[in-house]
Amino acid sequence: WTRLESWSMPGVPDVYGIQDGISVFLELKVTKSNKIALSPFQKNWLYNHYLQGGRSFIMLQHHEQRLLYIFQSSIAHQISPSPPYHTSSITHPWPLERDSWQQVREWILHCPLQKPETG
């Protein structure tokens, strides 16, 4: 995993990773409420990356619920300002144990992605 500094290009996610030829971008967020702060640049980047078949996710740590949510970037345009928690692809109790991190990594790399609607 590589932490990206996106000051030169607004909207680029926080983290980039690659394994076995599979590239992944992660936008990392933390909240104490039911709101999530995604800028318009972040929403556009994530959604456009999804439309091009890219693998990117929003990883949200919710302090009050003590849960980690992971959303596919296909929902980026639906977050305004509350994420649709029911669309979370993965939810884990926080903090995660080592085996849970392994499951999260494997899922991020290999889960089937929602296909963009065409036409």
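Let's start with helix 1. Gln-42, Trp-45, Leu-46, His-49 and Tyr-50 are buried there. Looking down the axis, the buried residues of helix 1 sit within an arc of 130°, so they line one face of the helix. An α-helix has 3.6 residues a turn, so residues three or four places apart point the same way.

One caveat before going on: this is a predicted model.

Now the other side. Pro-40 and Phe-41 are exposed, on the face of helix 1 turned away from its buried side.

What covers the buried residues of helix 1? The cover includes strand 3, residues 22–31, and strand 4, residues 56–62.

A quick geometry check. Helix 1 runs over residues 40–51, which is 12 residues. At 1.5 Å a residue, helix 1 should span 16 Å, and its end C-alpha atoms are 16 Å apart, so the two agree. Just after helix 1 comes Gly-53, with a positive phi of about 85°.

On to the cores. The largest nonpolar core has 14 residues. Which residues have the most contacts inside it? They are Leu-46, Ile-58, Leu-60, Phe-71 and Ile-79. Helix 1, strand 4 and strand 5, residues 67–72, each supply at least two residues of this core.

Take Phe-71. Set aside its neighbours within four places in sequence. Phe-71 is then in contact with Ser-56, Phe-57, Ile-58 and Leu-60, and also with Pro-83, Pro-84, Tyr-85, Thr-87 and Ser-88.

There is another core, lying apart from the largest one. This other core has 13 residues, among them Leu-26, Phe-57, Met-59 and Leu-96.

Methods
Residues are numbered from 1 along each chain as its sequence is written. This is a predicted model: local features need pLDDT of at least 70, side-chain atom pairs count only at pLDDT 80 or more; totals for chains, interfaces and linings use all residues. Side-chain values use heavy atoms; hydrogens and water are left out. Helices (H or I, at least four residues) and strands (E, at least two) are DSSP runs, numbered from the N terminus. The expected span of a helix is 1.5 Å times one less than its number of residues. Buried means under 20% relative accessible area, exposed over 50%, partly exposed in between (1.4 Å probe, protein chains only). The arc is that of the directions from the helix axis to the C-beta atoms. Contact means heavy atoms within 4.5 Å. A nonpolar core is a set of buried Ala, Val, Leu, Ile, Met, Phe, Trp, Tyr and Cys residues joined through side-chain atoms within 4.5 Å.
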